[in-house]
Each structure stands twice: as structure tokens, then as C-alpha cells.
Amino acid sequence: VGKKVQAIYLWWHKPAIYKELLQSMPNLKVIANSGVGMDHLDLKLIASFGVKMANAPRAVSSTTANTGMTLLLASARRLVEVHNISISPSMEYSEADILGVKVAGATLGIIGMGRIGYKIALRAKAFEMNILYHNRTQRKAQEEQAVGATYCKKIDSLLQQADFVMVVVSLTPQTHKLIGKRELELMKPTATLINISRGAVVDQEALVAALQTGVIGAAALDVTYPEPLPRDHPLLKLKNIIITPHLGIKTDKATYMITEEAVENILAALNGLPLPSEVLPS
């Protein structure tokens, strides 16, 4: 049926797109992805076959931003730990066991101020947080003022000041292990690292060591590498971490909206119109 296929809708990186598949589909016009991240695709290879590509940024941005804030708040108030205390047979604990971190007045550093990062800033403003951000390009002054965000040209400055560091970048060769041993050591010993981008943006071995030795206070991860982690992975044995199974976009409404956005891009490509969410190879 290869010659009949004109569009592919990717759901959770499936089907895998490789050279032989593209060769078997001479009439393929578009590949629509069910999320924002495109690191699972060889964009230049696909473009070389004259195939257009699209993602779904509008559908996923609010839901992913909510996931980031959920992880921040859950870590700050030690939600998993206190839940386990609450359901334990003895219910024995001391006040020191459940002391959390105050969010209002704390500083949030956002690494990656794109569509999702900006929506996180809007939510953080509502929680009365001070907001720093690092991005390849600085936002417009009115956009910064709307959320009370301050631009940090260098990532080091953000890491040194933030009480919470939220990573919201795409995975590229430039961002692979963007947060490593050096970056973790720049953070406050009380700081929390939150990653909602891709697991490989953070050096997991360096993160394990930082959490074990008190280089940073805590971490909250919606992404790891691999996913899921092996059951004997040291991250799973730590108390000062929350790990969720890549929840980012997983709500009923977001799933429906993603499909709508993908269909919109597919129909545009098939009708020779501009794709609303076209992604070009860099």
C-alpha cells in the first residue's frame, strides 16, 4: 500500500520513520507529529524526500505547562513523601519530616522561554514567584513585563540565583546534557531541578550524585532516559525526587486537541496550503 500513502500521523514516536520506509512511499506529502518535540525524527532526511513535517504546539502547551507547575508544587510540599506517611500503618512522623519549601516569593529560573516556557511563567506569576529566564533570544519587553520575567543572557547567572530551575528546551545536539555536573554545582544546595523537556537534556549520572551528596536539594522529572528507567536505577531509590512517566500532554482534552491539530496540518498539506505548524529542518 506504500504508493497510496500520502500522510503519516505519528503517535508517541510510532511508526518509526527511516529511509526505507520513505522510499516505499513515493506519494507521501506530510508527517504530522503528536507533540512538540521532533528529536525522534531525522528532519533533514525527511525533507530530502520532499515531505513536509508538522508538530502540535498549540494543543500541548497549556497541558505541559500545568505538568511543570504540578511537579514544582508537589516537590516543594513533598507531596509523595507526606502521602506515604499519611497512608502508613503507624502514621508516625515529626514536623521536620514534612517541612516543605515556600513557593511564594521564591525564584523560578526557566530554561527555554518558548510557548510552553512562557505559559509556565504566567502560572508562576500567579503563585507570586520571581521569574528569571534563559533563552536563545530575549523576549520582547512587553512580554517580559506581562509576567515579571528577567532575562539572563548566561545560563550560569540563572542557575546561581534560582530556587527552582525548570528545563523546557527541545532536545538537540546543543542541549544534550545541557545540565551536567558543572551546572548542578552552580545551583543552590536547597534548589530543585524540574525537567519536563527530554531526559537526555540532563546528565542523569551527575544528577544522581548531586541528589545523593546534597549538591542540590531535590528534583522532579517527567522525563528520563530511557523511559521507563530500569527498576534498579539509583534515581528510583532516592527520597528527594519525584518521577512521573512522561505525563506532559496526557489529558483527555489535550489528546483530542493534538489529533485535531495534526489533521489540520495533514489536510493543509494534501490541499497544497501552508501548514499551520510546519517544522523546518535546522
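Predicted model: local features only at pLDDT ≥ 70, side-chain atom pairs only at ≥ 80, totals over all residues.
Let me begin with the aromatic rings, where the count comes to two aromatic pairs. One of them is formed by Tyr9 and Trp11, whose ring centres are 6.2 Å apart and whose planes stand at 70° to each other, an edge-to-face arrangement. Are these two residues buried, exposed, or something in between? Tyr9 has a relative accessible area of 28%, and because this falls between the two limits I gave, Tyr9 is partly exposed. Trp11, at 37% relative accessibility, is likewise counted as partly exposed.

The other pair is made by Tyr133 and Tyr151, with ring centres 5.2 Å apart and planes at 50°, so this pair is described as tilted. Tyr133 belongs to strand 5, residues 130-134, while Tyr151 belongs to strand 6, residues 149-151, and with 18 residues separating them the pair links distant parts of the chain. Tyr133 has a relative accessible area of 0%, and therefore it is buried.

Next, I would like to look at helix 3. This helix has 20 residues, and the distance from its first C-alpha to its last is 28 Å, which is close to the 28 Å expected at 1.5 Å a residue. How many of the 20 residues of helix 3 are buried? The answer is 15, and so helix 3 is largely enclosed by the rest of the structure. Just after helix 3 comes Arg78, which takes a positive phi of about 50°.

Helix 3, residues 57-76, also meets helix 10, residues 252-270: their axes come within 8 Å and cross at roughly 160°. Because an angle over 145 degrees counts as roughly antiparallel, helix 3 is roughly antiparallel to helix 10. On the side of helix 3 the contact is made by Pro57, Arg58, Ala59, Val60 and Thr63, and on the side of helix 10 by Ala254, Met257, Ile258, Glu261 and Glu264. Sorted by class, this contact has six nonpolar residues, one polar residue and three charged residues.

Thr63, which is found in helix 3, deserves a moment of its own. Its relative accessibility is 12%, and therefore Thr63 counts as buried. If we leave aside residues up to four places away in sequence, Thr63 touches Gly248, Ile249, Lys250, Thr251 and Ala254.

Let me move on to helix 5, residues 115-126, which has 12 residues and reaches 17 Å from its first C-alpha to its last, close to the 16 Å expected at 1.5 Å a residue. Which residues of helix 5 are buried? They are Ile116, Gly117, Tyr118, Ile120, Ala121 and Ala124. Helix 5 is followed by Glu128, whose phi is positive, near 60°.

Met91, although it is not a glycine, has a positive phi of about 55°, and its place is in the loop between helix 4 and strand 4. With a relative accessible area of 37%, Met91 is partly exposed. Lys177, also a residue other than glycine, has a positive phi near 55°; it lies in the loop between strand 7 and helix 8 and, at 38% relative accessibility, counts as partly exposed.

Leu178 lies in the loop between strand 7 and helix 8 as well, and at 22% relative accessibility it counts as partly exposed. Leaving out residues up to four places away in sequence, Leu178 touches Ile111, Ile155, Val169, Glu183 and Val201.

Finally, where do we find cis peptide bonds? One joins Tyr225 and Pro226, with omega about -5°, and another runs from Glu227 to Pro228, with omega near -5°. Pro226 sits in the loop between strand 9 and strand 10, and Pro228 is found in the loop between strand 9 and strand 10 too.

Key. Residues numbered from 1 in each chain as written. Heavy atoms only, no water. Axes fitted to C-alpha atoms, helices over the stretch in contact; angles between N-to-C directions. Helix = DSSP H or I, 4+ residues; strand = E, 2+ residues; numbered from the N terminus. Parallel < 35°, antiparallel > 145°, perpendicular 65-115°, else oblique. Contact = heavy atoms within 4.5 Å. Nonpolar A, V, L, I, M, F, W, Y, C, P; charged D, E, K, R; others polar. Phe/Tyr/Trp six-rings, centres within 6.5 Å; stacked < 30°, edge-to-face > 60°. Buried < 20%, exposed > 50% of the residue type's maximum accessible area, 1.4 Å probe, protein only. Expected span 1.5 Å × (residues − 1).
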